[in-house]
Amino acid sequence: MATYRPDDVVLGHRPLIVSDVDEVVLEFLTPFKLFLESRQHRLLPRSFRLTGNIVDLQNGEAASEAAVKALLDAFYAAQEQWQRPAALVVNMLAELSAEADIVFLTAMPPRHAAVRRALLDALGLPYPLFASEEPKGPLVERLHGARELPVVFIDDILRNLHSVRDYAPSCLLINLMANAEFRALAPVPDMGIHTVADWADAARLIRAHFGRSTASR
Ligand SMILES: [Mg+2]
């Protein structure tokens with residue numbers, strides 16, 4: 001069933017893993033670069049942002065903010081033709097789902113959620129999805145509430161990790177970014193945010209967190 005709002009998710013009495021989708025569960029930058037090339041544009045790894053770094057190959061100029069938005073919209077509409085799972089994610093989440101609830105929290109406009117749901121299902125990633133452009137901290141707080149159970153949040157963008165830290169202070173915060181080229185340009189996370197290279201690393205940290213939380217209860 002398609003689930004697009006946090007209030008629709010029913011959690012078991014067990015740990016919760018909330019994960020971003022783009023660049024964490026699904027590759028985003030690698031296929032978006034290929035998509036841009038197919039539209040006579042190029043993403044240059046000059047800094048850690050899209051706007052200003054997407055160049056129109058016909059005139060060599062940076063695409064405007066409106067043009068970048070339109071390109072992103074077209075990419076999301078056709079995402080099933082372009083996006084693939086990040087390395088190891090399908091197996092790692094299948095294993096973790098034996099001991100934790102998994103929820104996907106995607107910052108994509110909700111109008112693209114049905115296409116994303118179908119793509120995730122086809123790839124063997126059947127976990128509940130909700131799409132919202134609101135800050136992620138309050139959304140995680142609404143999901144997890146006051147439950148005394150371990151909670152984990154995984155995202156490639158520090159702003160989202162900081163938002164969750166503010167609203168769910170007990171949350172294990174993991175910074176995972178699939179694209180190595182842009183990972184090298186990303187700002188360095190501050191204390192309390194764990195950077196991992198891939199999903200095998202993430203799964204090790206998550207299991208250690210679950211073990212610690214069980215021991216301390
Ligand atoms: Mg992301």
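**Ground rules.** I am looking at a predicted model, in which local features need pLDDT of at least 70 and side-chain atom pairs count only at pLDDT 80 or more, while totals for chains, interfaces and linings use all residues. Residues are numbered from 1 along each chain as its sequence is written, and side-chain values use heavy atoms, with hydrogens and water left out.

**The sheet.** I looked up the strands (DSSP runs of E, at least two residues, numbered from the N terminus, as are helices, which are runs of H or I of at least four residues). I found 6 strands in an open sheet, in the order β5-β4-β1-β6-β7-β8, with parallel pairing; two strands pair if DSSP finds at least two bridges between them. β5 (129–131) and β8 (193–196) stand at the edges with a single partner strand each, so one side of each has no neighbour in the sheet. From one strand to the next the twist averages 25°, where angles run from 0 to 180 degrees between the N-to-C directions of axes fitted to C-alpha atoms, for helices over the stretch in contact.

Helix α7 (residues 158–167) lies across β6, β7 (172–176) and β8, at about 175° to β7.

**The two domains.** I noted domain 1 (6–27 + 83–216) and domain 2 (29–81), with bounds that come from an automatic or database domain assignment. Their centres, taken over C-alpha atoms, are 25 Å apart. Contact (heavy atoms within 4.5 Å) takes 20 residues from domain 1 and 17 residues from domain 2.

Which residues of domain 1 lose the most area to domain 2? They are Q83, H112 and F182, together 33% of what that side buries. The area buried between the domains is about 1,700 Å², with 61% of it from carbon and sulfur atoms; buried area is the accessible area (1.4 Å probe) that two parts lose on being put together, summed over both.

**Salt bridges.** I used the rule of a side-chain nitrogen of Lys or Arg within 4 Å of a carboxyl oxygen of Asp or Glu. The structure holds 12 salt bridges, and the rule finds 2 across the interface of domain 1 and domain 2. I also looked up K33 and E181, whose side chains meet in a salt bridge at 2.7 Å, N to O. R116 and D22 form another, at 2.9 Å, N to O; this pair links distant parts of the chain, 94 residues apart, with R116 in helix α5 and D22 in the loop between β1 and α1 (29–38).
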